[in-house]
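Happy to walk through this one with you.

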Amino acid sequence: MSEAIRQRNPNHDQFWLNEVLKPRTFLDLKAAPAGVRRSWVAEALAARRNGSATRPLPPLPVESASFDASAPRLRAVYRFERRFGGAPAELPEAQKWSERPKGGWAGGVRPVLGTFPIARVSNGHTFFIQKLHDIVGVPPVCVHTTYQYGDGDKYAYGKRERLRDAGLWLVDPASRYTSGSYLQLTSSLARQLSPNKAELLLPALRDEAHCVMAHLKLNALQRQWLQVGFLLAHALGRTLVLPPLWCVVDRFWTILDHCLIGSKVEMSRPFVCPLDHSFDVPAMTAQLPEWREHTFFASQRIAPQLAASTAPVRVGAAVAPDAASSAVPAPAASAPAAALPAVTLPEGATIGEAARLLRGSDARVLRLDVSDLARLCRCLADAPELQPLNRKLQGALSQPYHYCDTTDNPYFVACKAERRSGCRKHPVHLMNVSRGVQRPPMLP
């Protein structure tokens with residue numbers, strides 16, 4: 001960024017902030033006298049804004065009389081003091097700039113800048129990670145797919161995956177939602193208690209003193225689920241539907257505060273995170289069979305006959321209540337009811353055996369919870385045809401990680417609290433970082 005600013009690169013957004021906005025003077029319309037506001041706020045805007053019968057919009061202080069500067073819901077609104085454009089057409093381009101009067105040409109325009117409520121007009125973090133619109137309880141208007149890590153050189157895979165998760169990617173053909181057969185993984189690994197509160201249900205994954213460690217254990221487990229899921233789906237000739245993936249640590253490019261990007265960030269922890277938070281989406285796209293997002297069956301485009309042809313898969317006996325504290329949690333009672341009878345597999349069945357038994361099912365959707373998946377044997381000795389995919393999965397499901405958190409850096413926390421400088425570059429108290437690569441082991 002600093003290099004782009006130094007070179008005055010017009011393709012960098014920071015250049016526009018520095019060269020167009022920062023040197024200018026603005027009129028604060030929120031605090032300006034009523035007469036000044038009246039020259040800008042047209043009463044006709046109120047009719048256009050609030051008179052729509054097809055799409056009612058929230059009331060805004062658009063008329064001069066109701067433009068209350070003290071209203072908390074009124075966002076910041078600024079107007080450029082100088083005008084842009086409007087130079088006489090007959091003037092050469094050079095003179096339009098060199099001879100412009102102070103304040104701009106009389107026929108120019110004075111753009112207005114305003115800030116929107118971030119829960120309604122969201123960036124990629126407040127929408128996909130925090131889900132601030134659910135916490136505040138307002139319908140979102142639009143989202144900018146920023147704060148994501150899954151785009152490649154050839155395509156914006158991460159943006160597409162996030163928009164598919166949210167049901168906002170509408171360019172896929174109808175056949176994506178009406179044809180094919182599927183293996184759907186479900187998971188009750190965590191429970192959402194409220195829009196800004198959730199809890200892990202597996203005690204072995206909880207680590208209140210070290211959230212990074214909890215996250216790494218959680219991620220390792222989910223990687224192995226996807227590994228077996230891809231193998232079994234491939235053996236069946238079905239498309240894998242991913243389970244919701246949970247994270248304890250937010251992903252960010254600087255130090256985290258107890259695994260979140262700030263102490264005042266409103267969000268639950270753990271949280272259902274986008275695929276690009278923990279996986280290399282371009283690598284998965286290039287090397288693995290096609291998959292579907294965890295919200296796939298919630299789409300309004302799903303064919304009714306597809307949802308009606310769903311059979312649950314059970315492996316062995318259900319987990320006993322006294323063993324639930326150490327095993328993978330059983331399927332949630334709130335999971336959608338399956339339309340067809342359950343298919344039962346013997347506990348300890350290999351992936352090859354499971355595939356041979358499940359091939360006889362006519363259900364277009366086989367629903368397998370990870371609590372049942374955990375009772376299968378993670379072995380491929382009787383399915384050598386799966387070895388090529390087995391080798392690909394270890395690399396495609398791997399991901400480097402780099403977490404720097406306040407829980408590992410007490411000196412940094414104390415230094416910042418005392419408002420001292422150089423907190424990150426102390427010659428003795430170096431910053432502690434959790435760094436490595438997570439990958440699932442190949443199946444034997």
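Q: How do you know how α10 and α13 are placed relative to each other?
A: Helix α10 (residues 211–236) and helix α13 (residues 351–358) have axes that come within 9 Å and cross at roughly 45°. Here axes are lines fitted to C-alpha atoms, for helices over the stretch in contact, with angles from 0 to 180 degrees between N-to-C directions. Helices are DSSP runs of H or I with at least four residues, strands are E runs of at least two, and both are numbered from the N terminus.

Q: Why is α10 called oblique to α13?
A: Under 35 degrees counts as roughly parallel, over 145 as roughly antiparallel, 65 to 115 as roughly perpendicular, and the rest as oblique. The angle is roughly 45°, and that makes α10 oblique to α13.

Q: What kind of model is this, and how are its residues numbered?
A: It is a predicted model, in which local features need pLDDT of at least 70 and side-chain atom pairs count only at pLDDT 80 or more, while totals for chains, interfaces and linings use all residues. Residues are numbered from 1 along each chain as its sequence is written, and side-chain values use heavy atoms, with hydrogens and water left out.

Q: Which residues of α10 and α13 meet?
A: From α10 come V228, L231, L232, A235 and L236, and from α13 come I351, A354, A355 and L358. Contact means heavy atoms within 4.5 Å. By class, this contact of α10 with α13 has nine nonpolar, no polar and no charged residues. The nonpolar class holds Ala, Val, Leu, Ile, Met, Phe, Trp, Tyr, Cys and Pro; Asp, Glu, Lys and Arg are charged, and the others, Gly among them, are polar.

Q: Why are α10 and α15 called roughly antiparallel?
A: α10 and helix α15 (residues 387–396) pack at an angle of about 150°, with their axes 10 Å apart. The two helices are therefore roughly antiparallel to each other. In this contact Q227, F230, L231 and H234 in α10 meet L389, N390 and L393 in α15. By class, the contact of α10 with α15 has four nonpolar, three polar and no charged residues.

Q: How does the reach of α10 compare with the expected span?
A: α10 has 26 residues and reaches 37 Å from its first C-alpha to its last, close to the 38 Å expected at 1.5 Å a residue. The expected span is 1.5 Å times one less than the number of residues.

Q: What makes A235 buried or exposed?
A: Buried means under 20% relative accessible area, exposed over 50%, and partly exposed in between (1.4 Å probe, protein chains only). A235 has a relative accessible area of 14%, so A235 is buried. Its helix, α10, is mostly covered, with 20 of its 26 residues buried. Not counting residues up to four places away in sequence, A235 touches A355, R359 and L386.

Q: Are Y147 and C259 buried or partly exposed, and what makes them so?
A: Y147 has 30% relative accessibility, so Y147 counts as partly exposed. C259 has a relative accessible area of 0%, so C259 is buried. Y147 has a positive phi near 55° without being a glycine, and C259, also not a glycine, has a positive phi of about 75°.

Q: Why does R176 count as buried?
A: R176 has 5% relative accessibility, so R176 counts as buried. Leaving aside neighbours within four places in sequence, R176 is in contact with R164, Y182, W291, R292, E293 and F296.
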